Amino acid sequence: MTSSAGTPGRSANWNLPNAITVVRILAAPVFFWLLLADDGADGPLRWWAAALFIVAIATDGIDGHIARSRGLITDLGKILDPIADKLLTSGALVCLSILGELWWWVTILIIVREVGITVWRLVELRRGNVVPASSGGKLKTVVQAVAISLALVPLWTIVGDWILWVNWAVMGLALVLTLWSGLLYVRDAVRLARSAGAAS
């Protein structure tokens, strides 16, 4: 495989957008520690954890913009980018459930969907098919990021407990979009399987 500039695809994988994605992956364990270190108390570590999550998840848009504007989109980036997002978001959901701030069944449903789609992507990659994030998947990622950010930032210490109702509503929307976009991927998987069967 070669890039549009004629450079071997393997070397083209080492670019700025992919480097940003790798940094996002490496930031995940630091975020987990900050959030869990003092049992999720509404102190400085909680604020730092929330800030790190927001900055890390925001780089998704930054590396995507750089990749598109500079023609640096690679197959590696298409795989690493959703993995980085899923690591951050799924890890954040697990931490919130550990802290007793989010129902485990919500976390489990979302993670099962995320892991399932990621495994399917990897299987298709081995078959030579790269499955990029769909529009529904991208919307789901944005809403998940907003919902988790609201859950992480202890705004209730500033504006009162009413903000928790907003948090739960946005998290509910994120859950619905997660399941809906997952069903769309299942539909696409069935279509790919039928196409492969017809071709054989």
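Phe31, Phe32 and Phe53 form one aromatic cluster, and that's a handy place to start. What you're looking at is a predicted model, where local features need pLDDT of at least 70, side-chain atom pairs count only at pLDDT 80 or more, and totals for chains, interfaces and linings use all residues. Residues are numbered from 1 along each chain as its sequence is written, and side-chain values use heavy atoms, with hydrogens and water left out.

Back to the rings. Phe, Tyr and Trp rings (for Trp, the six-membered one) pair if their centres lie within 6.5 Å, and planes under 30 degrees apart are called stacked, over 60 edge-to-face, and the rest tilted. The whole structure holds 4 aromatic pairs. One of them is Phe31 with Phe53, a tilted pair at 5.4 Å centre to centre with 40° between the planes. This pair ties together distant parts of the chain, with Phe31 in helix H2 (residues 16-36) and Phe53 in helix H3 (residues 44-69), 22 residues apart. Helices here are DSSP runs (H or I, at least four residues), numbered from the N terminus. Phe31 counts as buried because its relative accessibility is 1%, and Phe53 is buried too, at 0%; the cut-offs, with a 1.4 Å probe and protein chains only, are under 20% for buried, over 50% for exposed, and partly exposed in between.

Trp165 is exposed at 64% relative accessibility, while Trp168 is partly exposed at 40%.

Phe31 and Phe53 turn up again in the largest nonpolar core, which has 31 residues; they are among those with the most contacts inside it, along with Leu88, Ile148, Leu152 and Met171. A nonpolar core means buried Ala, Val, Leu, Ile, Met, Phe, Trp, Tyr and Cys residues joined through side-chain atoms within 4.5 Å. Helix H6 gives the most to this core, 7 residues. Leaving aside neighbours within four places in sequence, Leu152 is in contact (heavy atoms within 4.5 Å) with Phe31, Leu35, Arg46, Ala50, Phe53 and Leu96.

Last stop: which residues line the second largest pocket? They are Leu96, Glu101, Leu102, Trp103, Ala147, Ala151, Trp156, Leu164, Asn167, Trp168 and Met171. A pocket is an open set of points on a 1 Å grid over the protein atoms alone where a 1.4 Å probe fits, with protein on both sides within 12 Å along at least five of seven lines, and lining residues have an atom within 4 Å of a point. H8 supplies the largest share of this lining, 4 residues.

Terms used:
Helices (H or I, at least four residues) and strands (E, at least two) are DSSP runs, numbered from the N terminus.
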